[in-house]
Amino acid sequence: MELLEDYKIPLGDWIEAFITFLRDHADWLFDFISRVLEFLIDGLIDILLFVPPLLLIAIIAGIAWALHRSLWLVAGAVLSLLLVINLGYWEATIETLALVIYATLFCMAIGVPVGIAAAHRPWLYTAVRPVLDLMQTIPTFVYLVPTLFLFGLGVVPGLISTVIFAIPAPIRLTYLGISSVPKNLFEAGESFGATKSQLLWKVELPHALPTIMAGLTQCIMLSLSMVVIAALVGADGLGKPVVRALNTVNIAQGFEAGIAIVIIAILLDRVCKQRDLKAKGR
């Protein structure tokens, strides 16, 4: 035992040296990425906050009705968002919503193509699967440290850490949806002379859409679960009052901020899940 400890593999030192190398030689790149992401997130927050809260709630209710034709969903969305305003967490909720929107967009923009490529190339999924397992199981605080070191305090390291944590879900579910397409559908498409791209867009993706939508829902939920952790590295939103309440043992503030997070999670989940169910019904 002591012999093994005496000849410890300096794995942590190697990773630290690599991160330091990136910071020393690509500092300009990380600064550029940080500024671009901050501009996008702050721009979306400014746009959403520019709209009067009641008008924005009405717009959300109209979208919910147009998509799902559910009075219960519309009433629940309106009442829950009015409760958020009443609790005084509207601005923090908008900041959290912007973070979740961008994290979900990045995860789906990267995860869906990777999942499709992995479904078409089994060797690729064999290579990617251990990486996905690592991303899902490693404690989130571990990769908060290098992202904080590379991008500094603010919303950017929180966003990148959220993407790392949530992106395995759309990759896995897209792979599952594409790889589960029945062979007879391929044969029918090929018999009509469909090309590979036509098979992808007209056969594989429509069949895999419910599973991909499930990946979208999971991605949103995982992103929301990172809100409090992202606040530890300077990200604004509902995570900040939770962390503040934890530091000051303020039960009321922690409970109210937690309720606001739950409201956003349930609202987004119900909208996406109902759409997923409709797709399955088709």
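A residue counts as partly exposed when its relative accessible area lies between the buried range, under 20%, and the exposed range, over 50%. In this predicted model, Lys240 is partly exposed because its relative accessible area is 31%. The side chain of Lys240 meets that of Asp236 in a salt bridge, with an N to O distance of 2.7 Å. Asp236 is likewise partly exposed, at a relative accessible area of 40%.

The structure holds four salt bridges in total. Another of them joins the side chains of Arg172 and Asp133, at 2.3 Å from N to O. Arg172 belongs to helix α10 (residues 168-179) and Asp133 to helix α7 (residues 122-137), so this pair ties together parts that are 39 residues apart in sequence. Asp133 counts as partly exposed, with 35% relative accessibility. A salt bridge is also formed by the side chains of Asp269 and Arg270 (2.8 Å, N to O). In this pair Asp269 is buried, having a relative accessible area of 11%, whereas Arg270 is partly exposed at 38%.

Helix packing was examined for α8 and α9. The axes of helix α8 (residues 140-151) and helix α9 (residues 155-166) come within 9 Å and cross at roughly 140°. The two helices are therefore oblique to each other. The crossing of α8 past α9 is right-handed. On the α8 side, the contact is made by Thr140, Tyr143, Leu144, Thr147, Leu148 and Phe151, and on the α9 side by Val156, Pro157, Ile160, Ser161, Ile164 and Phe165. Nine of the residues in this contact are nonpolar and three are polar, while none is charged.

How values were computed:
Residues numbered from 1 in each chain as written. Predicted model: local features only at pLDDT ≥ 70, side-chain atom pairs only at ≥ 80, totals over all residues. Heavy atoms only, no water. Axes fitted to C-alpha atoms, helices over the stretch in contact; angles between N-to-C directions. Helix = DSSP H or I, 4+ residues; strand = E, 2+ residues; numbered from the N terminus. Parallel < 35°, antiparallel > 145°, perpendicular 65-115°, else oblique. Left-handed = near helix turned anticlockwise from the far one by under 90°. Contact = heavy atoms within 4.5 Å. Nonpolar A, V, L, I, M, F, W, Y, C, P; charged D, E, K, R; others polar. Buried < 20%, exposed > 50% of the residue type's maximum accessible area, 1.4 Å probe, protein only.
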